[in-house]
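Visitor: I have a model open and would like to talk it through with you. Could you show it first, and then settle how the terms are used?

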Amino acid sequence: MQWRPELSRRHFLGVSAAATLGLMGAPLRAQTGPKRGGHFRLGVGGGATTDTLDPANWKPFMTSYGHALHGYLTEVGADGVLRGEVAESWEASPDAKIWTFKLRAGLEFHNGKSLSAEDVIASLNHHRGEGSKSAAKAILASVVDIRADGPDVVVVELATGNADFPYLLDDYHLPMMPAKDGLADTSGVGLGGYVLEMTDFGVKASATRFANYWKPNAAWFDSIEVLAIHDATARTNALLTGQIHAMDRADLKTIHMLERNQGIEITSIAGTQHYTMPMLVDQAPYSNKDLRLALKYGIDRQQFLDTILRGYGQIGNDHPISPAMRYAAKDLPQRAYDPDRAKFHFEKAGLSGTKLSLSTAEAAFPGAVDAAVLYQQNLAAAGIEIDVLREPNDGYWDNVWTKKPWCTAFWSGRATEDWMFSQVYASGTEWNDTRWGNERFDELLLKARAELDENLRGEMYAEMQGIVHEDGGVVVPVFANYVGAMSRKIGHGTIGTSWALDGYRSTERWWFAEEA
Amino acid sequence: MKNLINLILWKVALGVLTLFAVSLIIFTGVQMLPGDFATEILGQAATAEAVAAIRESLGLDLPAHQRYFAWVGDLLTGDFGTAFSSGRDVAELIGPRLWNTVFLAGLTAMIAVPVALALGLICAVYRDSWFDRAVNFVTLASISFPEFFVAYVLMLWLAVNAGLLPVLSDVDINSTLSERIYLSILPALTLTLGVLAHMVRMTKISLVSLLENEYIETARLKGNSELRVLARHALPNAWAPVANVVALNLAYLITGVVVVEAVFVYPGMGQLMVDAVQVRDIPVVQSCALIFAVAYVLVNLAADVISTATNPRLLHPK
């Protein structure tokens, strides 16, 4: 069957609401169509001298820059619809186990090599296999075999059916690279709209437009440059003085001042990134469901959203599926702050008088320490006492997260429900940061993954969100928007929600509406 | 002259010994950091299998003493090793960064040292005047503010409001000398304000104490002009303490400007080392630390040589 994912109404609303937010209060300007030219400078709040061109371990800096150089098999469009990019079309077997991708004809790498099936196979195999050091290994873990069927057809066989498989191929770790002796060439040669010019990791990287780029209506700039500017104040000043044209991670503490600037547009995108407070449910007292419920009722989500995120986000409902996603459970009642119920469950758990400890550090998410203290106050109103343990930033993910019984953490989220659930919520997976497991949940996960009927899948995912919401070991207070800023000289269409910076494709999708 | 050569040889020998001790301390320090390259580079994405694969391929599973001797052995043959993260040669990685750092330190010194000496001199001659007090106040205030704050204030005045200078100092290999200077002025000014007070006060204090000596009084009574008294009689004796404090500040400019580098996106050694520490890229961390140690040894050596060469009593001991 031909696979055509539908754009859900809900998803569409989320996207357009987010896009108009940025235009509010702005002077009306003539929106001209896209045009070519200019040198685009993008400031990102990540980047280190340790970055590499090898996509196996890309961090946000390389992800922003890498999308300029590379093409992917599929692309989540700005409108949220999955499209073929390097793959022209694809088909699945009825059990969603065997996927056949037809490659677009006539694509050319920057070094002049024509794309063929062997390049796709080498690029995907780069992340698989015994000694793989790739962070994307888990994404492709279910792949049993990848083979060519002629020069322009690639067949991927999965161990278990997965209806979302084409979505996974938009993951930023999986760009297409040319094959060299059967291995992927990670020197930065790609199929993307720009050719690598210079990299100085930890500082900047630049690229110039690829003359033979296959997309007629994309990659509008003559050249692009991505700068690593860690300091939020410096990033903002660089934008204000016109040294960069756009930036990610606007500083929420000073954003009200940026909002007043007529030359700047704030982009606030409701994506999948969420802040969490995972508890290890195999340890007392967190093994007690009533305690977990007490802690879930004991957090004031609205206050969290208003103070920590300055309103740039959405309230969470103790499960990881963002309202912007395809199968978000819209009928699941929103849990609200209720000190009385929190107290009731706490006493029912028989834990009156015990003091809990919440480990936290700024490394978990910006404002995590403040958030923990706020939570402490919320819980105190319910008669629940907690200590806020401030941990060092350095080594936080290694020494605190999944080690301490209760901590603060964040997830950038995943493009699909299945991906998020199977990586973090299925019993016994390596990233299950609560060690929670539920039989019914695991059963539904497998069934929904292979189900090609959209409605049936939606029902199953809704039930699963309900299970995590009720029984899971995680408090999910908020979903944090991707908040960036750009000069009004930059033109853009609808901004994609799949990642920050227009699905990390700003260099491809944006253009200069005015002379820089 | 012979004394000077002996002194230099002696100091170099001591320096080599110091560096050896430092290499041990660096290596032990790095070992004590929690986690290793494998766990840090994978972060939240670490799985036991991927961690083990990375450890094995980098030789992190070998015992510590073996790794230490392998490192020192390679260093002696001039091989700094390969960076874990990028697989690039460490010397190649550090080279341009070191040049940038030395350039910024040099530019700062070219602004700061003459200004500090001049101010110190004027303050010594007109001590307790309003000028002396004003200089004292301003330099002490600027050293008391954290560097990032001084950087923000200068950025706001000179870049955002006045539009005279750029906010970002992202020099690269293609920058011409004039571009380099233009891009580096803001960070250099920030650093100047950070090191000025120390040098001004040292110059002033050593001159003030010298000017109270009897031989200065004698020189004045001989009828020498005040300028000649300062230049011929007082200053030669002041070089030693001043050279030492300048050396100390130069060493600081080479090793301790991470904050300024981060604010202005200046690609120096500090940022390189911090990045490397964060992912436990041990070859890079160790090489940076060692280069910093060499810088300290060298500037101190230079200070010793200057204080000896300018002081006849040290140059020709009885």
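Guide: Before we look at any span, a word on terms: helices (H or I, at least four residues) and strands (E, at least two) are DSSP runs, numbered from the N terminus. Please also keep in mind that this is a predicted model.

Visitor: Fine. Which stretch of chain A does the "Solute-binding protein family" annotation cover?

Guide: In UniProt, an unreviewed entry places that domain at residues 83-432 of chain A. Within the model this span is 22% helix and 22% strand, and its end C-alpha atoms lie 31 Å apart.

Visitor: And how many helices and strands does chain A have?

Guide: Chain A has 16 helices and 23 strands. With a radius of gyration of 23 Å, close to the 24 Å that the globule rule gives for 516 residues, chain A is therefore as compact as a globular protein of that length. Along its principal axes, the C-alpha trace of chain A spans about 70 × 55 × 40 Å.

Visitor: What share of chain A is buried?

Guide: Of the 516 residues in chain A, 61% are buried. If we take the contacts in chain A between residues at least 6 apart in sequence, 72% of them join residues at least 24 apart.

Visitor: Let's zoom in on α2 of chain A. Is that helix mostly covered or mostly open?

Guide: Mostly covered: helix α2, residues 60-69 of chain A, has nine of its ten residues buried. Among these buried residues are A:Phe61, A:Met62, A:Tyr65, A:His67 and A:Leu69.

Visitor: What covers them?

Guide: The cover for the buried residues of α2(A) includes the strands β1 (39-44), β10 (194-200), β11 (204-209) and β12 (223-228), together with the helices α15 (500-504) and α16 (506-509), which are elements of chain A.

Visitor: Switching to chain B, where does UniProt put the transmembrane regions?

Guide: The unreviewed UniProt entry places them at residues 12-33, 102-125, 137-160, 180-200, 238-264 and 284-303 of chain B. Taking two of these, residues 102-125 of chain B are 100% helix, with end C-alpha atoms 33 Å apart, while residues 180-200 of chain B are 100% helix, with end C-alpha atoms 27 Å apart.

Visitor: Which residues belong to the "ABC transmembrane type-1" domain?

Guide: From an unreviewed UniProt entry, that domain is placed at residues 98-303 of chain B. In the model the span is 83% helix and 0% strand, and its end C-alpha atoms are 21 Å apart.

Terms used: Residues numbered from 1 in each chain as written. Chains lettered and ligands numbered in written order. Predicted model: local features only at pLDDT ≥ 70, side-chain atom pairs only at ≥ 80, totals over all residues. Heavy atoms only, no water. UniProt positions renumbered as here; feature names shortened; annotations may be inferred. Rg over C-alpha atoms; globule rule 2.2 N^0.38 Å. Buried < 20%, exposed > 50% of the residue type's maximum accessible area, 1.4 Å probe, protein only. Contact = heavy atoms within 4.5 Å.
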